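Hi there,

Here is the structure I promised to pass on to you. Have a look at it first, and then read on for what turned up.

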Amino acid sequence: MAEEATPITCTGTVTARVEGFTRAQVWPFLEDFGGLHKIDPLADISYALEGVYGHPGLIRFCASSTTTETGETKVLWFHEKLLAMDPTTYSYNYEVLENNVGFTYCKSSFKVVPIDGDEKLGSQIEWTYVSNLFEGKPPEHVADYFNTNLQIMATNIKKYLEEKS
């Protein structure tokens, strides 16, 4: 029996700047694949479930709680699998596996590049995604989801780096 393909309906790239800090300073926060909760307050918890840090096949678990419109608490969770990581290019690729967030298909990549090609200006984080749409949500919802998370992560990375300076 042939597996039914999930339609890919949403692609994009969102970016956020971490001005004043190099790729080498920003990268460790992203390289810690199991430690998403350290830079993204929307993730209450994240950790490696299986595999070796920095190597393809590493699977992380992430969860967060939210309050629904009816006032109930709902836990959102997902498993993500690291597909490739390259510290020399400050990048990695991963895919979303099982989840209750609304993804039926999602592959993403993170890359840290110099702002306008000049590392003296700082770093820019690029998050590229290929994803399904969330059921009942407009196409902008996916872009907003990624952009909101990335802006928060970049702000937190900059805050942590400034505290260390």
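Before the sheet, one definition: two strands count as paired if DSSP finds at least two bridges between them. Please also keep in mind that this is a predicted model.

**The sheet**

With that in hand, the model has an open sheet of seven strands, in the order E1-E7-E6-E5-E4-E3-E2, and the pairing is antiparallel. Strand E1 (10-19) and strand E2 (45-50) are the edge strands; each has a single partner strand, so one side of each has no neighbour in the sheet. From one strand to the next, the twist averages 25 degrees.

Let me walk you through two of the pairings. E4 and E5 are antiparallel and share seven bridges. Here Lys81 stands opposite Glu95 in E5. The two strands form a hairpin with four residues between them, and Tyr90 in the turn has a positive phi of about 55 degrees.

Next to that comes the pairing of strand E5 (residues 91-99) with strand E6 (residues 106-114), also described as antiparallel, with five bridges. Asn93 has Ser109 in E6 as its bridge partner, and Ser91 stands opposite Lys111 in E6. E5 and E6 form a hairpin too, with six residues between them; in its turn, Gly102 has a positive phi of about 130 degrees.

**The helices**

Which strands does helix H1 touch? Helix H1 (residues 23-31) packs on the sheet and touches E1, strand E4 (73-86), E5, E6 and strand E7 (122-131). The direction of H1 makes about 160 degrees with that of E6. Helix H2 (residues 140-164) lies across E1, E4, E6 and E7, and runs at about 20 degrees to E1.

**The pocket and the cavity**

The largest pocket holds about 710 Å³ of space. Its lining has 31 residues, and those nearest the centre are Ser64, Leu76, Val101, Tyr145 and Asn149. Strand E3 (59-67), E4, E5 and H2 are the elements that give two or more residues to this lining. Which element gives the most? That is H2, with seven residues. By class, the pocket lining divides into 17 nonpolar, seven polar and seven charged residues.

There is also one cavity of 30 Å³ or more in the structure. The space in the largest cavity is about 60 Å³. The residues lining this cavity are Phe29, Leu30, Asp32, Phe33, Gly35, Leu36, Ile39, Arg60, Tyr92, Phe110 and Met153. Eight of the lining residues are nonpolar, one is polar and two are charged.

**Some residues to look at**

Tyr94 is found in strand E5. Is Tyr94 buried or exposed? The relative accessible area of Tyr94 is 2%, so Tyr94 is buried, the cut-off being under 20%. Setting aside neighbours within four places in sequence, Tyr94 is in contact with Phe33, Arg60, Glu80, Lys81, Leu82, Leu83, Cys106, Lys107, Ser108, Phe110 and Trp127.

Gln124 lies in strand E7. At 16% relative accessibility, Gln124 also counts as buried. Residues up to four places away in sequence aside, Gln124 touches Thr15, Ala16, Arg17, Lys111, Val112, Val113 and Ile115.

Finally, please look at two backbone angles. Tyr90 lies in the loop between E4 and E5 and is buried, with a relative accessible area of 17%. Asp116 is likewise a residue other than glycine with a positive phi, near 50 degrees. Asp116 sits in the loop between E6 and E7. Is Asp116 buried or exposed? With a relative accessible area of 63%, Asp116 is exposed.

Definitions and conventions:
Residues numbered from 1 in each chain as written. Predicted model: local features only at pLDDT ≥ 70, side-chain atom pairs only at ≥ 80, totals over all residues. Heavy atoms only, no water. Axes fitted to C-alpha atoms, helices over the stretch in contact; angles between N-to-C directions. Contact = heavy atoms within 4.5 Å. 1 Å grid on protein atoms, 1.4 Å probe; cavity = no way out; pocket = protein on both sides within 12 Å on 5 of 7 lines; lining within 4 Å. Points joined across faces, edges and corners; volume = space filled by probe spheres on them. Nonpolar A, V, L, I, M, F, W, Y, C, P; charged D, E, K, R; others polar. Buried < 20%, exposed > 50% of the residue type's maximum accessible area, 1.4 Å probe, protein only.
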